[in-house]
Amino acid sequence: MQQQRQIEAISQGWAGRFSAMASPCELLCRSDSQDEARRLLDLVADEAARIETKFSRYRDDNVMHRINASQGEWVAVDEETSRLLDYADTCFQLSGGRFDVTSGVLRKAWTFDCSDRLPDAETVQALLADVGWSRVERRPGAVRLAPGMELDFGGIGKEYAVDRALGLAAAMTGADLLVNFGGDLAARGGQPWQVGLESAGANGVQGQFSLTRGALATSGDSRRYLLRDGVRYSHVLDPTSGWPVTGGPHSVTVAASHCTQAGMLATLALLQGAGAEDFLRQQGVRYWCQWE
Amino acid sequence: MQLKKKPASARRDAISVGSALAAATCALLGQTAGASESVEDWTFDSAVLYYSESDRVTAVEPVVRGTRTFEDDSELSLKLTFDSLTGASHNGAIVSDTGVQTFTSPSGSTIYRTNPGDVPLDDTFKDTRSAVNGQYTWNLSRTWRATTGLNYSTEYDFTSLGANAGLMWDLNERNSTLTLAFAHESDTIDPVGGVPTALTWQSDRVRTGTSSEDRSINDFLLGWTQVMNRRWIMQLNYNLSASSGYHTDPYKVVTLVDAAGNPEDSSTVGATDIGDGDAQLMEQRPDSRTKHAVYWENRYTRQNDDVVAMSYRFMTDDWGINSHTVDLRYRWKMQNDWFLQPHVRWYSQSAADFWRESITVAEANLIQATQDDVSADYRLGDLTDVTVGLKFGRELASGSKWNARLEFFQQSGDTDAADVDALIGQVGYTFYW
């Protein structure tokens, strides 16, 4: 799955572009050398492809497939997968069960196409039987899911890939770097990078943010929702009820030292619904909420 | 509904979520140490400043500043400065076209003379200063930041200890920032040869008997920074500075002159005779000073990334000094990360109410009787100065930067002593550690 990789000169160095994880991806680097920029682009794009290949749930040749098709058997997992499972566990605990990597099966009932087609309560209820991180068994180097359950790293993978890619590139060069996978980004620089924050509506840029080191991640999507009887159902599903969160912001952007952390804070904030901003305020992080 | 867990743990103190998540993220990214380490790197700015007045003071000042940004976005900055001054400085006396003047050195150990036409300079002027500053800035909430710092500076006759604290409030979608800051400084002045009794004759070497004097300064700052649009940032500051204590320069004198403007001998006033033109009165300044200053800066980034910065400062104080400063810079981005930055600065001030170029016997008698203030220090007189310079540098691919600056400074005032030309050079280098 070799993507198209393009590199072009920008005012302060080079911009490399490719696509991965269903998103436009970008590497900016303030280097004098195009060769170096090309090497860094390959490193970053290869890492994105590696993570996508390894953890995509749409493939049948990876660890995710082996876990999801295991029919109640123990499945051996490598060290990186173990670390992601540990992380998922921490997020489950911290969120009181509202961030759950087993909640992906709920999407069988929910299609967020901006229509008013809500699933019936029985369908959702039936699917909830297959949701529940607390029923996932683990032992060192292995994991076991009950039949019918599935894992989905969709809520972590892209941000994790951003942090990994930046880490690899940063170890190769001293140049200023910015890695941006579909709006989730992380930077390492001496000079700040100017990052535009896109508005959810049609009115373009919401603001500008100067990022020297650290990361930004956005959760929420203004184009994926259901609208019925004046209630907007976001595509963020609360696994404790099986229903979407309502009354919250359309999207949340958070700045933190790592993209993985920023993305999780944004997701946890969305899960708070109307309490999103209170939650973020208590975290003492920089954030931007789109309520519209 | 068997899985509808009570979100009991979600109600746990939300503040712990962020730090627990940070720890979990580090564990997850354990193998990509590069990314996590880069957040807590030190950045060092180093520079050496060279300042040389023609025939007077030469200063060499190395500065190193280290800045570290932590995981929680807080920042610690430490700065070390060393100053080495050599040369001679004006002692306050007039530049006489006709008469020789005679002075004692601050320590009293030597007597020196100034020939007609020369600026009276005390050439025992030699000093080293070291200073250390620490400043810590952290987030209180999403829109409030706090900062606090300490600074200490010492030289052979002067010690200063200061502390500051400030609050910054981002509002209006972070397009505006209000700053409120307070600083206190405590100075101890320990003059060479003891504290001279003000308004006595230099040749008599009258000392107060105390070995040191104190001064304290309180500074208050109210600032407003506004992003006007994507390219234009404006800043407006108001600064109130109130100091009390010893403001007199223990090494400066005021020359006693006759009706023709020639230096008088101390015999005229019955003081100790040490030579021609030796009637020099030790100066005295008020024991308090209140300054108000307004600073306005505009910074505009052009389409081609060039930056224009323009600032104006107005200062007025209760000594009667009003000053205006206009500063203009243009940062010109060139090929291969080079930049070139021309700089022009213009400064003008009016004289303090108690400034005199020299005094007559009648004036001296009146000043001594009323214990009035008087100083002939050209830095308190009418002054106009212009600085023209050029800075250039390059940002290297590694992220480190270097720059060099060369400036010419020309000052003129009411007296010949105020006419100073200086050359300023600086080399700076920024790197990561």
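pLDDT is the predictor's confidence in each residue, on a scale from 0 to 100.

Figure 1. Chain B has an average pLDDT of 88, and 92% of the residues score at least 70. The model scores ipTM 0.84 and pTM 0.59. Helices (H or I, at least four residues) and strands (E, at least two) are DSSP runs, numbered from the N terminus. Residues are numbered from 1 along each chain as its sequence is written, and chains are lettered from A and ligands numbered from 1 in the order in which they are written. In this predicted model, local features need pLDDT of at least 70 and side-chain atom pairs count only at pLDDT 80 or more, while totals for chains, interfaces and linings use all residues.

Figure 2. Two residues are in contact if their C-beta atoms, placed from the backbone, lie within 7 Å. Where pLDDT is low, the predicted coordinates should not be read in detail.

**Figure 3. Where chain A touches chain B.** Here 56 residues of chain A are in contact with 40 residues of chain B. Helix 5 of chain A gives the most to chain A's side, with eight residues. Other elements supply at least two residues each, including helix 3 (79–94) and strand 9 (205–220) of chain A.

**Figure 4. Helix 7 of chain A and its buried face.** The buried residues of this helix are A:Ala276, A:Phe279, A:Leu280 and A:Gln283. Seen down the axis of helix 7, they fall within an arc of 95°, so they line one face of the helix. The arc is that of the directions from the helix axis to the C-beta atoms. A residue is buried if 20 or more other C-beta atoms, placed from the backbone, lie within 10 Å of its own. Just after the helix, A:Gly284 takes a positive phi of about 65°.

**Figure 5. Antiparallel strands in chain B.** Strand 18 (residues 322–333) and strand 19 (residues 338–349) of chain B are joined by nine bridges. Two strands pair if DSSP finds at least two bridges between them. B:Thr325 stands opposite B:Tyr347 in strand 19. Four residues separate the two strands of this hairpin, and B:Asn336 in the turn has a positive phi of about 55°. Strand 19 also pairs with strand 20 (residues 383–395) of chain B over 12 bridges. There, B:Arg345 stands opposite B:Thr387.

Notes: Buried ≥ 20, exposed ≤ 12 C-beta atoms within 10 Å, placed from the backbone.
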